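Hello,

Here is the structure I promised to pass on to you. My notes on its pockets and one of its helices follow below.

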Amino acid sequence: MLLKHCLGVLLCVAGSLALYDSSSDVVELTPNNFDKLVSNSDEVWIVEFFAPWCGHCKNLVPEYKKAARALKGIIKVGAIDADAHKSYAQKYGVSGFPTIKVFTGSKHTPYQGQRNAEGFIEAGLKAAKDKAYESLGKKAGGSSSDKSDVITLTDSNFKELVLDSDDMWLVEFYAPWCGHCKNLEPQWAKAATELKGKVKLGALDATVHTSMASRYQVQGYPTIKFFPSGKKSSDSVEDYNGGRTSSDIVTWALDKFAENVPAPEVLQVVDEETMKACSEKPLCVVSILPHILDCNAACRNEYLAILARLGDKYKNKMWGWVWSEAGAQPALESALEMGGFGFPAMAVVNAKKLKFSTLRGSFSETGINEFLRDLSFGRGQTAPVRGAEMPKITTTDPWDGKDGELPPEEDIDLSDVDLDKDEL
């Protein structure tokens with residue numbers, strides 16, 4: 001009888017320590033199953049770290065059960081007695097009860113919403129949505145209609161996209177739960193759009209992609225790093241020390257851009273690819289230089305030197321610069337209405353809008369500078385490209401850098417020509 005009484009007491013005590021019974025949809029987690037079910041799985045989990053004696057934990061039970069029932073088959077909901085299993089409390093930084101965390105595999109973030117069923121459901125679905133979009137290469141929290149110019153970075157793509165590229169990058173290392181990161185997000189996205197084509201902006205979830213975060217000694221969130229153009233090394237990476245508004249970010253980035261951007265190469269139009277590359281720029285500066293027989297190598301090089309100096313002066317605009325010899329690309333000359341005043345001639349074309357503006361002043365450093373300056377301020381007359389499409393480019397040989405040569409004169413053999421003496 002005494003033995004039966006003692007067993008009953010033990011069962012009563014055990015029952016009083018278990019907040020969630022077997023009929024609940026809340027999964028009981030222990031050190032024996034935690035890693036297998038939660039941290040080593042691909043499923044999203046909401047996990048409560050509780051203590052059986054905690055009053056707040058007991059008050060939470062009805063709402064937590066309700067959330068588990070609603071999320072059944074969608075999101076896993078579990079609970080672990082962190083008072084009994086103190087090693088897990090320490091491992092996941094639990095210092096009070098109840099502590100609730102959202103797990104996606106080994107990644108875990110603290111739950112910061114309302115402690116009711118609706119709050120738990122919203123957090124679980126958001127984590128599942130974030131996980132799904134991240135697998136598509138979008139920033140966590142994005143959607144199929146998200147047109148952000150911020151590039152999602154991971155441990156696996158960081159080297160290819162950032163370190164091995166010739167582009168300049170600003171990279172934000174963030175944590176999804178970080179309030180400052182959330183405040184920065186719209187400013188970061190706006191700056192990415194404004195800097196498009198000049199400096200790339202990326203974002204890396206440092207709580208998931210810990211290899212890169214550790215490599216660049218990320219200790220707080222958000223941390224922003226600048227990666228210059230060209231070959232990158234650990235010594236070349238800089239800490240961003242500007243403000244957190246989009247205008248602050250853009251101003252800081254453009255200053256770096258001005259320091260690092262190389263002068264554009266002035267390319268001869270010799271095939272479709274050359275012109276296509278120029279047409280993909282915001283504006284394409286097209287010069288038609290005199291034929292080599294009308295302007296020798298020294299003369300041509302003087303013109304090219306002028307174009308090179310102006311290209312360097314306007315390099316921040318990211319324009320393309322090309323040239324062709326008069327008569328070599330007749331379709332290009334016709335489409336941009338060049339040659340009516342002789343050569344050299346210049347036109348600046350917006351290939352996307354199929355509009356161009358023609359240099360009316362002198363083809364000199366001063367004259368071209370005034371022309372380009374007006375264009376950069378939105379001044380100057382424009383006209384539609386003839387034919388409403390970019391012209392076809394003829395494949396030609398590139399200039400060899402030498403003076404031109406007249407074709408050899410043919411000797412005329414008069415032996416077989418019967419001429420009257422009066423005609424001689």
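How much space lies in the largest pocket? About 860 Å³, where a pocket is an open set of points on a 1 Å grid over the protein atoms alone, where a 1.4 Å probe fits, with protein on both sides within 12 Å along at least five of seven lines, and a volume is the space filled by probe spheres set on the points, which are joined across faces, edges and corners.

Before you read on, this is a predicted model, in which local features need pLDDT of at least 70 and side-chain atom pairs pLDDT 80 or more, while totals for chains, interfaces and linings use all residues. Residues are numbered from 1 along each chain as its sequence is written, and side-chain values use heavy atoms, without hydrogens and water.

The largest pocket has 35 lining residues (those with an atom within 4 Å of a point), and T109, K126, A127, D130 and P176 lie nearest its centre. Helix 5 gives the most to this lining, with 9 residues (helices are DSSP runs of H or I, at least four residues, numbered from the N terminus).

The 19 residues of helix 5 should span 27 Å at 1.5 Å a residue, and its end C-alpha atoms are 28 Å apart, which agrees (the expected span is 1.5 Å times one less than the number of residues). Among its buried residues are A127 and D130 (under 20% relative accessible area, 1.4 Å probe, protein chains only).

The second largest pocket holds about 670 Å³. Of its 31 lining residues, D167, G197, V261, K281 and M318 are the closest to its centre.

Best wishes

Conventions: Helices (H or I, at least four residues) and strands (E, at least two) are DSSP runs, numbered from the N terminus. Buried means under 20% relative accessible area, exposed over 50%, partly exposed in between (1.4 Å probe, protein chains only).
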